[in-house]
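Biologist: I have this model open on my screen, could you walk me through it?

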Amino acid sequence: MLNRNCEVKLDVLNDGDALLDETFEQFREAAQYVADYGWSDNPANIIDSKSELHDATYEEVREQTDLVANHVQAARSLAAEALDSCTELYFEEDQAISKPTFRGTVVVYDSRTITFNDDHCTLSTTDGRVTAEYVFPEDASDTPFETYWEDPAWEKSSATLHKREGTYYLHVNFQKEPETDTSTVENGTVLGVDFNVDGYLAVTSTGAFLGNADFLTHKRDVYERKRGNLQQTGTRSAHLTIQSMGDRFGNWSEDYLHRVALAIVLEARRHDCDAIAVENLKQIRERISNASKFQQWAFKKLQEFVAYKAEDYGILVDDVKPQYTSQRCSHSECGFTHEDNRDGDEFECLKCGKELHSDYNAARNVGWRLVQHWLKSGAGRANCQVALKSGTVNGNGEFSPTTKSGSTGSPLTSPRL
Ligand SMILES: [Zn+2]
């Protein structure tokens, strides 16, 4: 499932403010009640299971508050997630933790508690519904609003209501099912893509070096450090600050990966490719055994985004096993495979002497693997080839230069990436 977020300012009608403010307060109390219940000074005894917390607190919170059932559940989920991140910080990252504390300026809405209309929404409160009009930016072109709000393919799945300096904002989560029409490619040109945890995030068989993995990791480290410091201060607002910081970092990193994915797909288009070959995610995890959870998440997202974008252009995305893609010489029919061929960023074939950037060499091999798979899998795909910088190479290693004049420019190096 593809996820996007965007925020819209609200103009609350008919004195609904008081009801929303009361809902904020009761939602806060509900989340706090659950967090208090689940918390223990001994981290091993913290209860963060949603079902366990639900069973223990639901009836009580329903009685104590005027919240609708789905708000009680949403408050419980919010508390469960906060408790879960406490145990994760403690057990997996060895950090000091303190009991989650909630401020009263967040309410989580789902399809039962919010109704989206064209120019307004209605929101459940502690006493019936409140109507609020959207306040869109004057120029909505090229903003998330135009992309997600007006495109019916994006479903508004959930939302959180916030209040900042007296103004209400709705943070809307949009979802879209990636259509997985893997229509077969009879005879096709393949773009190979190699993913990395350092240096360039993605390198293509056509020699495009895209995204900066070190920059992404650095931004993540900065965020984690801030989060750790906040967690240790244990102040009243620390937990919600962590939450909004997490949202912001999540949006930023998704957007970054989104742009890299788009650049990959545009590269495939530029070289008239019918398919994009990527490494199998499970095997990337094995190959890069020191990849952090975040990096694994990033690869997964990147592949999702590539698959989704590619589909718009009718380009197939298929994964291949990445074994030996970094050790094999991709130069025409050579194919010599040896671990000493590669030394960091440099690939120099011990047999034929060909020198290439090692990620570029790997990307060519990823493409080659898909071509091999097609050739072996049988009929109809005899004329398939890998797209290279200035031509293509077929399954036998035969190179054909690009015939179109000027169709292959310099490697795509977007300064934004
Ligand atoms: Zn070689």
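Biologist: In which sense do β8 and β16 pair?
Modeller: Strand β8 (residues 189–195) and strand β16 (residues 385–388) pair in the parallel sense, over 2 bridges, and Val190 stands opposite Val386 in β16. Pairing here requires that DSSP finds at least two bridges between two strands, while strands (E, at least two residues) and helices (H or I, at least four) are DSSP runs numbered from the N terminus. Please keep in mind that this is a predicted model, in which local features need pLDDT of at least 70 and side-chain atom pairs count only at pLDDT 80 or more, whereas totals for chains, interfaces and linings use all residues. Residues are numbered from 1 along each chain as its sequence is written, and side-chain values use heavy atoms, with hydrogens and water left out.

Biologist: And what do β16 and β17 form?
Modeller: They form a hairpin with 2 residues between the strands. β17 covers residues 391–394 and pairs with β16 in the antiparallel sense over 4 bridges, with Gly391 of β17 as the bridge partner of Leu388.

Biologist: Switching topic, which residues does the UniProt domain annotation cover?
Modeller: According to the unreviewed UniProt entry, "domain: Cas12f1-like TNB" covers residues 299–366; such annotations may be inferred rather than shown by experiment, and the positions are given in the numbering used here, with feature names shortened. In the model that span is 34% helix and 19% strand, and its end C-alpha atoms lie 15 Å apart.

Biologist: In what order do the strands β13, β14 and β15 come in their sheet?
Modeller: The 3 strands form an open sheet in the order β13-β14-β15, with antiparallel pairing. β13 (342–343) and β15 (355–357) stand at the edges with a single partner strand each, so one side of each is left without a neighbour in the sheet. Between β13 and β14 (residues 346–348) there are 2 bridges, and Asp343 stands opposite Glu346 in β14.

Biologist: Which helix lies across those strands?
Modeller: Helix α9 (residues 358–376) lies across β13, β14 and β15, and runs at about 90° to β15. Axes are lines fitted to C-alpha atoms, for helices over the stretch in contact (heavy atoms within 4.5 Å), and the angles run from 0 to 180 degrees between N-to-C directions.

Biologist: What about α1 and α2, where do their axes cross?
Modeller: The axes of α1 (residues 17–38) and α2 (residues 50–64) come within 10 Å and cross at roughly 145°. The contact involves residues including Ala30, Tyr33 and Tyr37 of α1, and Leu53, Ala56 and Val61 of α2.

Biologist: How many disulfides does the structure hold?
Modeller: The structure holds 0 disulfides, a disulfide being a pair of cysteine sulfur atoms within 2.5 Å. For Cys384, the nearest cysteine sulfur is that of Cys273, 12 Å away.

Biologist: Is Cys384 buried or exposed?
Modeller: Cys384 is buried, with a relative accessible area of 1%, and Cys86 is buried too, at 0%. Buried means under 20% relative accessible area, exposed over 50%, and partly exposed in between (1.4 Å probe, protein chains only).
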